[in-house]
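Look at the sequence and the model below. The briefing that follows goes through strands, a helix, charged pairs and backbone geometry.

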Amino acid sequence: MELETAEAPRRVQPSSTQLSVSVVIPVLNEEAALGKVLDDVRAAMEISGHPYEIIVVDDGSTDGSREVLARYAGRLTAVFQANQGYAAAFNAGFALSRGRIVCLLDADDVWLPGKLARVVRRFEAEPALSMVQHFLQDADAGLSPLAVEFPIWPARTTLDDYLDGRAEFTATSGLSLRRETLAAALPLPVALRFLYADDLLTVRALARGPSGNIAEPLGLHRVHGANF
């Protein structure tokens, strides 16, 4: 994997040499958290044993995020673009991805050990699933857990559940989708610079098949002044 600086990434078509998992991480001014996030993701992927790639899309950061990414040259793919918003960054990351499963991760969140293995096993066990989602434990800026009440999740959520008002969704870092699902659901409208891009993606995914729900927190969602 190489450190790239493409301004307009080309779409990579699926192939017989496709990787198992792609991790797409949009970044905007996350210098303080980015190194730990990347270290944790790489460790989780190595433990999972699945062929993988990490794609980071820097959406015009003005802090030291670019310098942090430079330290990982050869271990991930980094794309740098002018600030266009979250949806545009994710569209660009998917265009470069090759994985049969694409996992989303915000640059200030972290995954817990075992997350990747659990998600991949669920996809393998249920071929009809369009996506897999799991709970995220809210945490403060230092990753100390905060009080949170999780909803009661069924094993699956369908489009009918959503239309009937019964669906509960996780946040971005708890979402993983099949490549075919994302290919049909994207691009996200670039006008969605941040808010509700993940919810729109989830609803579009449900139109292609049910969600498999893992009713356990397999990641930490960092809540701080910039994203509350």
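Of the 8 residues in β2, 8 are buried, so the strand is mostly covered (buried means under 20% relative accessible area, exposed over 50%, and partly exposed in between, with a 1.4 Å probe and protein chains only). The model is predicted: local features need pLDDT of at least 70, side-chain atom pairs count only at pLDDT 80 or more, and totals for chains, interfaces and linings use all residues. Residues are numbered from 1 along each chain as its sequence is written, and side-chain values use heavy atoms, with hydrogens and water left out. Helices (H or I, at least four residues) and strands (E, at least two) are DSSP runs, numbered from the N terminus.

**Strands and crossovers**

- Both faces of β2 are covered.
- Strand β1 (residues 21-27) pairs with β2 in the parallel sense over 7 bridges; two strands pair if DSSP finds at least two bridges between them. S22 has E53 in β2 as its bridge partner.
- β1, α1 and β2 form a right-handed β-α-β unit. A crossover is right-handed if, with the strands pointing away from the viewer, the path from the first strand over the helix to the second runs clockwise.
- β2 also pairs with strand β3 (residues 77-81), in the parallel sense and over 5 bridges. The bridge partner of V56 in β3 is A78.
- From β2 the chain crosses through helix α2 (residues 65-70) to β3, and this β-α-β crossover is right-handed.

**Helix α4**

- Which residues of α4 are buried? They are K115, L116, V119, V120, R122 and F123.
- Seen down the axis of α4, these buried residues fall within an arc of 155°, so they line one face of the helix. The arc is that of the directions from the helix axis to the C-beta atoms.
- The exposed residues E124 and A125 sit on the face of α4 turned away from its buried side.

**Salt bridges**

- Side chains of opposite charge can pair when their charged atoms come close. A salt bridge is a side-chain nitrogen of Lys or Arg within 4 Å of a carboxyl oxygen of Asp or Glu.
- The structure holds 7 salt bridges. Some of them are described here.
- K36 forms a salt bridge with D40, and their closest N and O atoms are 3.0 Å apart. Both residues lie in helix α1 (residues 31-48), 4 residues apart, which is about one turn of the helix. K36 is partly exposed at 42% relative accessible area, and D40 is partly exposed at 26%.
- E53 and R98 meet through their side chains in a salt bridge of 3.3 Å, N to O. E53 lies in strand β2 (residues 52-59) and R98 in the loop between α3 (86-96) and β4 (101-104), so the pair ties together parts that are 45 residues apart in sequence. E53 is buried, with a relative accessible area of 3%, whereas R98 is partly exposed at 34%.
- E126 forms a salt bridge with R156, with the closest N and O atoms 2.9 Å apart. E126 lies in the loop between α4 (115-125) and β6 (131-139) and R156 in strand β7 (residues 156-157), so this pair ties together parts that are 30 residues apart in sequence. E126 is buried at 18% relative accessible area, and R156 is partly exposed at 35%.
- R122, E126 and R156 are linked in a network of salt bridges. R122 is also one of the buried residues of α4.

**Backbone geometry**

- Most residues other than glycine have a negative phi, and most peptide bonds are trans. The residues below are exceptions to look up in the model.
- The peptide bond from L186 to P187 is cis, with omega near 5°. P187 lies in the loop between α6 (179-185) and α7 (197-206).
- N29 is not a glycine, but has a positive phi of about 55°. N29 lies in the loop between β1 and α1 and is partly exposed, with a relative accessible area of 35%.
- L143 also has a positive phi, near 70°, and is a residue other than glycine. L143 is placed in the loop between β6 and β7. Is L143 buried or exposed? L143 is buried, with a relative accessible area of 17%.
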